[in-house]
Amino acid sequence: PFFGLRGPGGYPGVISYGVFDYFGKGGVSQDTGWIAKDLTATSINYYEIFWARFGPPDTPFPEPLILATKPPVDPTKPYTAFVASGDVTTEGPWQIQSTEKLVIFVSGNLTIKDTITIVPGGFLAFIVKGDITIDRSVGTTNLSSTTPLVEGVYVTSPTGTMRTDFSPTRFVAKGTFVSGSITLQRDLGETNNASYSAELFIYNPSLLFSMPDPMKDMKITWEEVAP
């Protein structure tokens with residue numbers, strides 16, 4: 001029952017936190033209890049940053065704001081950016097093809113009620129001003145499954161919350177997930193919780209290669225050289 005487990009090198013990671021230590025004395029890093037208080041991080045409003053970088057987007061999200069399938073992609077553009085004024089709900093399975101790149105801005109909240117998968121080479125990002133909720137219907141009874149149910153890049157503003165609705169099923173996600181706060185509510189039961197994680201998040205670095213240019217940062221290093 002530890003937040004950080006030993007890796008291939010034999011040591012766990014160092015868990016850092018801001019104002020409050022919710023871990024107490026136990027359940028932090030396996031066998032070490034390593035934990036560090038870090039107040040240097042500042043809140044970054046990625047919703048405003050990406051909104052400015054993309055233009056802002058002038059393509060309205062299709063009505064209604066409850067969709068069973070993903071919105072259409074403009075094949076003449078390197079990516080298609082949508083803006084949704086209000087709350088958005090996905091009610092059917094989405095599959096992003098290898099040639100499709102979508103960025104969807106949501107001025108309200110996002111609720112995901114079915115699977116969202118990406119064929120390698122494709123890209124999907126939800127930039128949400130409000131909250132992101134994974135509905136209880138998105139889960140698997142295979143408690144050892146590592147097959148992702150939701151893929152892509154999901155970002156909220158600093159005041160937003162990303163939450164998984166209560167369910168006795170496992171939620172598996174793959175991609176990048178950034179939120180002002182995260183609330184994990186899945187519960188596999190007293191017996192299964194000891195052996196399986198109710199939520200599993202898998203980092204997907206391949207999304208960095210298919211990511212639209214406005215989402216990328218250019219790192220510049222200045223260095224004085226000898227004349």
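## The nonpolar core

Which residues of the largest nonpolar core touch the most other members? In this predicted model, the residues in question are L124, F126, Y154 and M215, out of 43 residues in that core. Strand β11, residues 123-128, contributes the largest share of the core, namely six residues.

Y154 illustrates how such a residue is surrounded. When neighbours within four places in sequence are set aside, Y154 is in contact with L110, I112, I116, L124, F126, I132, M162, T176, F177 and V178. Two of these partners, L124 and F126, are themselves among the core residues that touch the most other members.

Six of the six residues of β11 are buried, so the strand is largely enclosed by the rest of the structure. In a regular strand, side chains alternate between the two faces of the sheet. In β11 both faces are covered: F123, A125 and I127 are buried on one side, and L124, F126 and V128 are buried on the other.

Strands of a sheet pair through backbone hydrogen bonds, in either a parallel or an antiparallel manner. β11 pairs with strand β8, residues 101-106, in the parallel sense over six bridges. Within this pairing, F105 has I127 of β11 as its bridge partner. β11 is also joined to β13 by four bridges, and these two strands run parallel. Here V128 stands opposite T156 in β13.

## An open sheet of six strands

Another part of the model contains an open sheet of six strands, arranged in the order β4-β6-β9-β12-β14-β16 with parallel pairing. The strands at its edges are β4 (66-67) and β16 (181-184); each has a single partner strand, so one side of each is left without a neighbour in the sheet. In it, T164 stands opposite L184 of β16.

T161 is found in β14. Is T161 buried or exposed? Its relative accessible area is 12%, and residues under 20% count as buried, so T161 is buried. Apart from neighbours within four places in sequence, T161 is in contact with G130, D131, I132, T156, S179, S181 and T183.

D187 lies in the loop between β16 and α2 (190-193). With a relative accessibility of 32%, D187 counts as partly exposed. Although D187 and S167 are 20 residues apart along the chain, their C-alpha atoms are separated by 6.1 Å. Not counting residues up to four places away in sequence, D187 touches F166, S167, P168, N193 and A198.

## The second largest pocket

Rolling a probe the size of a water molecule over the atoms shows where empty space is left. The second largest pocket holds about 330 Å³ of space. Its lining consists of 14 residues, and Y46, F50, M211, M215 and D217 lie nearest its centre. M215 also belongs to the group of core residues that touch the most other members.

Which element supplies the largest share of this lining? That element is α1, with four residues. α1 (46-53), β13 (150-156) and β15 (171-178) each supply at least two residues of the lining. By class, the lining has ten nonpolar, one polar and three charged residues.

Conventions
Residues are numbered from 1 along each chain as its sequence is written. This is a predicted model: local features need pLDDT of at least 70, side-chain atom pairs count only at pLDDT 80 or more; totals for chains, interfaces and linings use all residues. Side-chain values use heavy atoms; hydrogens and water are left out. A nonpolar core is a set of buried Ala, Val, Leu, Ile, Met, Phe, Trp, Tyr and Cys residues joined through side-chain atoms within 4.5 Å. Buried means under 20% relative accessible area, exposed over 50%, partly exposed in between (1.4 Å probe, protein chains only). Contact means heavy atoms within 4.5 Å. On a 1 Å grid over the protein atoms alone, a cavity is a set of points where a 1.4 Å probe fits but cannot get out, and a pocket is an open set with protein on both sides within 12 Å along at least five of seven lines; lining residues have an atom within 4 Å of a point. Grid points are joined across faces, edges and corners, and a volume is the space filled by probe spheres set on the points. Ala, Val, Leu, Ile, Met, Phe, Trp, Tyr, Cys and Pro count as nonpolar, Asp, Glu, Lys and Arg as charged, and the others, Gly among them, as polar. Two strands pair if DSSP finds at least two bridges between them.
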